[in-house]
Amino acid sequence: MNERIHIDHLPNRTIAHNGTDYLFFSGTAYLGMPQHPGFQQLVAQSMSRYGTVFGSSRNGNLRLGVYEEAEAKLAARTGAGAALTLSSGMMAGQVIVNWLRREQTTFVYAPGAHPALWHAPVVELPKLSFPDWTAQLPTQLQALDAGPVAILMNSLEAVCSDYYDFAWINDLPDDRSITLVVDDSHGIGVLNNGRGIWPQLSSLQNRRSGPIRILVTASLAKAMGLPGGAVFSDAETIANLRETAFFGACSPMAPACLDAYLRADSLYAERQEQLQHNIRLAEERLLPSGLFRHAMGYPVFYTEHDELYAQLLDHKILIYSFAYPTAADRANTRIVISAFHEPDDIEQVARRLPQLFQAG
């Protein structure tokens, strides 16, 4: 296991550790919004109006309009019918799971489904590859007892940098109630010009003859740079979620951050453009090494060469490498590109790769 590195400041394109600066290629701040001075200024301005938290239930008799305004904007941005914010991506997933359990839903999990979507503390996930799992899914569903079914999965393979094909949705049985729950924590703000996975899912849904209910959940604390989570679905489903005891008892996300989001269109557009520029440069400079698995246009470059972590660290470059989601899991090693990187940062990594592996 790699040694833990402790710092006392927010990581940016560099971090300072024991008096030494390291280039930072880890984390999930794909757009670099928490590090953006302009976004920090917007949040500071909003905090003078809304404070640090709103200590009340969203379903209370005193309500802040900023929540509904921000949720309407999030929904319009993704293309969903409606959105609902919560204090974290984990809470966003769990408000759905608790609601589905009340409907006596049978849960069917895809390989690698995030713990935010688990209906129990421990869930046995399929060991199949994603294509093999989708191929057998219609047969699996037909073998289940009658009643509602929920299929729960991630929007992409963010750990190993791979996209999922969703064409299998059209092969699902039309004769039973199916809810598709997709965790888009690593896609929102990045995929489809920042709209996330919703446009892909809704276009496939429209081709089906049978009904399927779609819910997308996401942490907003990654690309979006907001400390909270969100659920996207049709307006009726979102209204039903809002009426649950689980949602009513939750503390809401900080209103100041949503207020800042409402005023940050130009900053998000700037950062999305810069991220895509940086990804293209990284693809050009890193992929010829043959060391990485990479979904084109996505900011993660995964490698089976775990030794790369220590080798780059010796050259003052810190990349992602630790066991996930539990300490018992295998370490995964990847280079994460952000909008805050400068071209020379990427060039420095690229220059080191042939030196390291020729030496090895």
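User: How many aromatic pairs does the count come to?

Analyst: This is a predicted model, in which local features need pLDDT of at least 70, side-chain atom pairs count only at pLDDT 80 or more, and totals for chains, interfaces and linings use all residues. Residues are numbered from 1 along each chain as its sequence is written, and side-chain values use heavy atoms, with hydrogens and water left out. Rings of Phe, Tyr and Trp (its six-membered ring) pair if their centres lie within 6.5 Å; planes under 30 degrees apart count as stacked, over 60 as edge-to-face and the rest as tilted. By this rule, the number of aromatic pairs is 12.

User: Is Y298 buried or exposed?

Analyst: Buried means under 20% relative accessible area, exposed over 50%, and partly exposed in between (1.4 Å probe, protein chains only). Y298 has 0% relative accessibility, so this residue counts as buried.

User: Which kind of pair do F130 and W168 form?

Analyst: Their ring centres are 6.4 Å apart, and F130 and W168 also belong to one aromatic cluster with W133, Y164 and F166. The angle between the planes of F130 and W168 is 70°, and the pair is edge-to-face.
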